[in-house]
Amino acid sequence: MKTTATLGLVAALAASAAGAENRIDTIRPDAPELAGYGELPVGVTTRVFTMADQVDIVNTGAEGEIARADRALTVEIWYPALPNTVPGGQYEAVIRDGTTTVLLDGYATRGAVPATEGSYPLVILSHGYPGNRWLMGWLGENLASKGYVVASIDHTDSTYSDQAAFGSTLVNRPWDQRFVIDQMAALEDGIGAITDANNAAVVGYSMGGYGALIYAGAGVTQLATTFEWGAPQGLLERNMTGTEEHMNLKDPRVKAFVAFGPWGNNAGFWDASGLSQIHTPLMLIAGGVDDVSGYDAIRGIFDGATGVDRHLLTFEAANHNAGAPMPAPAESYAVNEDLGWAPFEHYADAVWDNTRMNNISAHFVTAYLDLHLKADADKAAYFALQPNAADGVWSVNEEGAFGEEHTYWAGFPNRTAAGLRFETKLVE
């Protein structure tokens, strides 16, 4: 039982936290080598892309007419900006309770003039259910500073502010991701001029990871199309293995997929046949005790994607929030009466610091995208690792060069690759 004194202390701490900065661009001194921001200034802008005349899952019943409506997607876009751009700005974002607006402090400059030279690969960010386009904003800024154009989607019916029927998320995720690539490719402004949409990657978290796997080729099972709590009237069949519509989702523009804690294998959405149809490079990132998507189920994806080389980065003892969510905004610390719990829980992990996890994820995602989208073969060295970081040996001679016994994780300072595993399986 909480005492009055305890409750007063919690309230005081929450009030104190509410006056703090909510930085999403912090790089810790112990961050791995590729975690830091790049040399390019970053601009940010917001666009709305609309898919006309789509099936409206939310307003379609178990029987009767299938509703249709336009589907609008709000997208946050980060991009390399002109060299004289002064870095820094704020985002006005909504947090997990769906109503509280907070200010996030970051590196990007809103409305900055895009760079006028160069062509930069495109990265799509896709949040969880619920989530929003700022949840992985830290990664959007970070990658843009390294020479990527990054588009982060507000998935309609799946944001904190408009969370609706889960079936909409199940059906629409991969198609939202592909549509935004189409729209980015069609831009005729300064951002469009520097965007190489034919050289793209998709990074998804939780249900964003679910969508990414379907987009990558893993069609869902027939059983998944029948769940009463899923999509009505068999509408999920568009994402089912072997259907013409799912086959048409295949997209050679996408050169790599990254899925943080992907949901679905824990609920029977894939089988060996579906997972084996992934033929685009895949990296999975997960918490070792994820009880939302199920860590064993995520390992099942890793084992089952036999048609492609793939990696699995595990944060030992971390839960579902491993690696992807931004640090919890200060305003999320207080218990929300409508939720009955503090929104803090939606972002944070009980064991790992968010900024620490974000830095590690930025390191690996940077290396992965540079390898597959920029053909930077040197980045392969960051994946030639002892599977268990604890088994790595740090050996440096008097001249500061690595000794013959050195097997510590590439890019990690001594004593910092703790609590991590990195595994690789090759195409079978």
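Let's start with Arg 23, which is partly exposed, with a relative accessible area of 31%. Its partner in a salt bridge is Asp 25, and the closest N and O atoms of the two are 2.8 Å apart. Asp 25 counts as buried because its relative accessible area is 17%, and the cut-off for buried is under 20%. Please keep in mind that this is a predicted model.

How many salt bridges does the structure hold? The count is 24. For anyone new to the idea, side chains of opposite charge can pair when their charged atoms come close.

Here is another one. Arg 356 forms a salt bridge with Asp 30, with 3.9 Å between the closest N and O atoms. This pair links distant parts of the chain: Arg 356 belongs to helix α10, while Asp 30 is in the loop between α1 and β1, 326 residues apart. Arg 356 is buried, at 7% relative accessible area, whereas Asp 30 is partly exposed, at 24%.

Now look at Arg 310 and Glu 428, whose side chains meet in a salt bridge at 3.5 Å, N to O. They too link distant parts of the chain, with Arg 310 in strand β11 and Glu 428 in the segment after β12, 118 residues apart. Are these two buried or exposed? Arg 310 counts as buried, at 0% relative accessibility, and Glu 428 is exposed, at 69%. Going back to Arg 356 and Asp 30, salt bridges that share partners join them with Arg 28 and Asp 353 into one network.

On to the sheet. It is open, has 10 strands with mixed pairing, and runs in the order β5-β1-β2-β7-β6-β8-β9-β10-β11-β12. The edge strands are β5 and β12, since each pairs on one side only. Strands β11 and β12 run antiparallel and are joined by 6 bridges. We meet Arg 310 again here: its bridge partner in β12 is Lys 425. Helix α5, residues 207-216, packs on this sheet and touches β6, β8, β9 and β10; its direction makes about 130 degrees with that of β8.

How many residues of α5 are buried? The answer is 10 of its 10, including Met 207, Tyr 210, Leu 213 and Tyr 215.

Strands β3 and β4 pair in the antiparallel sense over 6 bridges, and Ala 93 stands opposite Val 102 in β4. Between the two strands are 6 residues, and Gly 98 in the turn has a positive phi of about 85 degrees.

Finally, let's visit the outside. Val 48 is in strand β1 and is exposed, because its relative accessible area is 52% and the cut-off for exposed is over 50%. Setting aside residues up to four places away in sequence, Val 48 touches Ala 72, Leu 73 and Thr 74. Elsewhere, Trp 394, Val 396 and Phe 402 make a nonpolar surface patch of about 290 Å². Trp 394 is in the loop between α10 and β12 and counts as partly exposed, at 33% relative accessibility.

Terms used:
Residues numbered from 1 in each chain as written. Predicted model: local features only at pLDDT ≥ 70, side-chain atom pairs only at ≥ 80, totals over all residues. Heavy atoms only, no water. Patch = residues over 30% accessible without salt bridge, like charges linked within 9 Å, V, L, I, M, F, W, Y side chains within 5 Å. Areas by Shrake-Rupley, 256 points an atom, 1.4 Å probe, with all protein chains shown as cover. Salt bridge = Lys/Arg side-chain N within 4 Å of Asp/Glu carboxyl O. Helix = DSSP H or I, 4+ residues; strand = E, 2+ residues; numbered from the N terminus. Buried < 20%, exposed > 50% of the residue type's maximum accessible area, 1.4 Å probe, protein only. Pairing = 2+ DSSP bridges. Contact = heavy atoms within 4.5 Å. Axes fitted to C-alpha atoms, helices over the stretch in contact; angles between N-to-C directions.
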